[in-house]
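Here's a quick briefing to read alongside the model. Take a look at the fold first, then run through the notes below.

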Amino acid sequence: MPRPSRIGRPSPLSVFGAVLTVAGAAMYALPEYSSALLALCAFAVAAVAAER
């Protein structure tokens, strides 16, 4: 009988980090947008994504 896979949901910390990494790349690629507003929105999205 095969063992169940250990791959499950990603940890909240890795989700949080992934969202902030993507936001950082967007801030670098799109300097014409407000960095503070983009960072605040990314932090809020990362916090919500990590909770789920």
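**Quick briefing**

The chain has two helices and zero strands. With a radius of gyration of 15 Å, well over the 10 Å that the globule rule gives for 52 residues, the chain is more spread out than a compact globule. Keep in mind that this is a predicted model.

**Overall dimensions**
- Laid out along its principal axes, the set of C-alpha atoms fills a box of roughly 55 × 20 × 10 Å.

**The aromatic pair**
- There's one aromatic pair in the structure.
- How are the rings of Phe 16 and Phe 43 arranged? Their centres are 5.7 Å apart and their planes sit at 80 degrees, which is over the 60 degree cut-off, so the pair is edge-to-face.
- Phe 16 belongs to helix α1 (residues 12-29) and Phe 43 to helix α2 (residues 35-51), so the pair ties together parts that are 27 residues apart in sequence.

**How exposed are those two residues?**
- Phe 16 has 22% relative accessibility, so it counts as partly exposed; the cut-off for buried is under 20%.
- Phe 43 comes in at 46% relative accessibility and also counts as partly exposed, given that exposed means over 50%.

Note on methods. Residues are numbered from 1 along each chain as its sequence is written. This is a predicted model: local features need pLDDT of at least 70, side-chain atom pairs count only at pLDDT 80 or more; totals for chains, interfaces and linings use all residues. Side-chain values use heavy atoms; hydrogens and water are left out. Helices (H or I, at least four residues) and strands (E, at least two) are DSSP runs, numbered from the N terminus. The radius of gyration is taken over C-alpha atoms; the globule rule is 2.2 Å times the number of residues to the power 0.38. Rings of Phe, Tyr and Trp (its six-membered ring) pair if their centres lie within 6.5 Å; planes under 30 degrees apart count as stacked, over 60 as edge-to-face and the rest as tilted. Buried means under 20% relative accessible area, exposed over 50%, partly exposed in between (1.4 Å probe, protein chains only).
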